[in-house]
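This report describes selected contacts in one protein model. The sequence and the structure come first, and the notes follow.

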Amino acid sequence: MARKKPKRSRDYNDEKLSALARQIRKDLDRLGMSQKDLSARSGLPEARISRILKDGKVTITEQDINLLAIGLRKSRAERDELRYLAWPALKYIDEALWYGENFGQLNSRLAEAGLPLIGNDNQE
């Protein structure tokens, strides 16, 4: 049975959605799942999923990402991609750890990407 397209308000604009929300919506469409289905599979309340998808005033946590990945049947690598959509600087931090970069190299790459720099204990 085909799933109905969700109703959208007149002022709905997909371009205003975060990259994370767009990816989750894409995954839901690909899997033929509703927010209610995702809630049942992930253990996240449906209202929280709705706020994440609407870019409401919600702070995404690592646990949210992990539960969403479980509900969407993501691999570990695909889960990491969700993490990077939620926190773009995290990809640079992971790469810095992988390649053994120092603090200055990491901040240089963050600056090139237009992302906030990471402070150190010597800064006030």
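## Asp64 and its surroundings

Leaving aside residues up to four places away in sequence, Asp64 touches Leu44, Arg48 and Thr59; contact here means heavy atoms within 4.5 Å. The model is a predicted one, in which local features need pLDDT of at least 70 and side-chain atom pairs count only at pLDDT 80 or more, while totals for chains, interfaces and linings use all residues. Residues are numbered from 1 along each chain as its sequence is written, and side-chain values use heavy atoms, with hydrogens and water left out.

Asp64 lies in helix 4; helices (H or I, at least four residues) and strands (E, at least two) are DSSP runs, numbered from the N terminus. With a relative accessibility of 4%, Asp64 counts as buried. Buried means under 20% relative accessible area, exposed over 50%, and partly exposed in between (1.4 Å probe, protein chains only). The side chains of Asp64 and Arg48 make a polar contact at 2.5 Å. Such a contact is a pair of N or O atoms within 3.5 Å; within protein, one must be able to donate a hydrogen and the other to accept it, and residues adjacent in sequence count only if both atoms are side-chain atoms.

## Helix 3

Arg48 is also one of the buried residues of helix 3 (residues 46-53), together with Ile49, Ser50, Ile52 and Leu53. The buried residues of this helix pack against helix 1 (19-31), helix 2 (35-42) and helix 4 (62-71). Asp55 follows helix 3 and has a positive phi, near 55°.

## Salt bridges

The structure holds nine salt bridges, each defined as a side-chain nitrogen of Lys or Arg within 4 Å of a carboxyl oxygen of Asp or Glu. One of them joins Asp27 and Lys74, with the closest N and O atoms 2.5 Å apart. Asp27 lies in helix 1 and Lys74 in the loop between helix 4 and helix 5 (76-86), so the pair ties together parts that are 47 residues apart in sequence. Asp27 is buried, with a relative accessible area of 3%, and Lys74 is buried at 17%.

Glu95 and Arg109 form another salt bridge (2.7 Å, N to O). The pair links distant parts of the chain, with Glu95 in helix 6 (residues 88-99) and Arg109 in helix 7 (residues 103-112), 14 residues apart. Glu95 is partly exposed, with a relative accessible area of 24%, and Arg109 is partly exposed at 23%.

## A salt-bridge network

A network of salt bridges links Glu62, Arg79, Asp80, Arg83 and Asp94. Within this group, the side chains of Arg79 and Asp80 meet at 3.0 Å, N to O. Arg79 is partly exposed, with a relative accessible area of 22%, whereas Asp80 is buried at 18%.

## Helix 5 against helix 6

The axes of helix 5 and helix 6 come within 4 Å and cross at roughly 120°. Axes are lines fitted to C-alpha atoms, for helices over the stretch in contact, and angles run from 0 to 180 degrees between N-to-C directions. Helix 5 is therefore oblique to helix 6: angles under 35 degrees count as roughly parallel, over 145 as roughly antiparallel, 65 to 115 as roughly perpendicular and the rest as oblique.

Helix 5 contributes Arg83, Tyr84, Leu85 and Ala86 to the contact, and helix 6 contributes Pro88, Leu90, Lys91 and Asp94. These residues divide into five nonpolar, no polar and three charged. Ala, Val, Leu, Ile, Met, Phe, Trp, Tyr, Cys and Pro count as nonpolar, Asp, Glu, Lys and Arg as charged, and the others, Gly among them, as polar.
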